[in-house]
Amino acid sequence: MKNGEKTSAFPLNSYEVHPRTIPSRVFMLIYVCGIIALLYHHLTSLRIHSVDLLPSILLSIADLVLSFMWVACQAFRWCPVRRKVYPENLSKVVDEDDLPTLDVFICTADPYQEPPMEVVNTALSVLAFDYPSNKISVYVSDDGGSQMTLFALLQGAKFAREWLPFCRKHNLNKRCPKVAFNQHGSDADQLRSCIPQEEFLRMKIPTNFSGTPLSVVMSLKMVSYEEMRTKVKHVMKQGCVDDDMLVNEEERQVFNKWKANGFTRQDHPTIIQFFIRCS
């Protein structure tokens, strides 16, 4: 750490002054001299060329405004710094009980413009943060009231029960399922080297259900990523959620709200659904 920052056995961050600070300050001083010369030129023009007074006044005002805008933007350029953080030291200086709670809001509106699987991957990425699970909450707001998005989140909640412990067990750096299961090159080799291949494939696709009826896929107890994606893709293709896609009466009661008369994207009642509760 530099510039008088207090040292610690386990620092959370450090900083250093940007090496281009001095050249940047020299440029600022030269630029200020140019502004002063320009304003002096306008002042003398107003005194000498009194015939063209109005154009000179307008040009002077314009240059004054632009000069003020430039000066106002130089404050953060006067002493730029580079910071480096050490999140691995956080647990060494702060007790887990003292960490603040995090509320993360994810907004969506159209399942065709914002695919539900992208929303699910975003939510799972946040839930998999290297942070106490009882300190983080994720809220998804769907202004379009789409049953496809709700169904995707329902499947994502089931997959999360397998995915979150998997991420913490193997300390994955990339915790977005879509990214983790589609890595190539050195990233993929590194992932396979630290995770047993059988376990990795079981998380991605535990059974080869190519050509398997969807009803059989629905009956599988463990939800893998490919199974989840297949179910959501099927619902998106249909444009609705059929009863045979739901496994119990509680889920059917939730989706029965879309069968009510007058339910539209623009006009629909508020639907609040909890998927994962952490005690």
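Biologist: Where does Asn171 lie?

Modeller: Asn171 sits in the loop between H5 and helix H6 (177-180). A helix here is a DSSP run of H or I with at least four residues, numbered from the N terminus. By the way, this is a predicted model, where local features need pLDDT of at least 70 and side-chain atom pairs count only at pLDDT 80 or more, while totals for chains, interfaces and linings use all residues. Residues are numbered from 1 along each chain as its sequence is written, and side-chain values use heavy atoms, with hydrogens and water left out.

Biologist: Why is Asn171 called exposed?

Modeller: Exposed means over 50% relative accessible area, buried means under 20%, and partly exposed is in between (1.4 Å probe, protein chains only). Asn171 has 53%, so it counts as exposed. Its phi is near 50°, a positive value in a residue other than glycine.

Biologist: And what makes Ile61 partly exposed?

Modeller: Its relative accessibility is 46%, so Ile61 falls in that in-between class. Ile61 lies in helix H2 (residues 53-72).

Biologist: Why is Leu150 called buried, then?

Modeller: Leu150 comes out at 11%, and the limit is under 20%, so buried it is. Leu150 belongs to helix H5. Skipping residues up to four places away in sequence, Leu150 touches Val254, Phe255, Trp258, Gln273 and Phe275. Contact just means heavy atoms within 4.5 Å.

Biologist: What does Phe255 contact, leaving aside neighbours within four places in sequence?

Modeller: Phe255 is in contact with Gln147, Leu150, Phe151, Leu154, Val241 and Leu246. Together with Phe159 and Trp163, Phe255 touches the most other members of the largest nonpolar core, which has 37 residues.

Biologist: What makes a set of residues a nonpolar core?

Modeller: Its members are buried Ala, Val, Leu, Ile, Met, Phe, Trp, Tyr and Cys residues joined through side-chain atoms within 4.5 Å. In soluble globular proteins, nonpolar side chains tend to be buried together. Here the largest share of the core, 12 residues, comes from H5.

Biologist: How do you know that the length of H10 agrees with what a helix should span?

Modeller: The expected span is 1.5 Å times one less than the number of residues. H10 has 14 residues, so it should span 20 Å; its end C-alpha atoms are 20 Å apart, which agrees. Just after H10, Gly239 takes a positive phi of about 85°.

Definitions and conventions. Helices (H or I, at least four residues) and strands (E, at least two) are DSSP runs, numbered from the N terminus.
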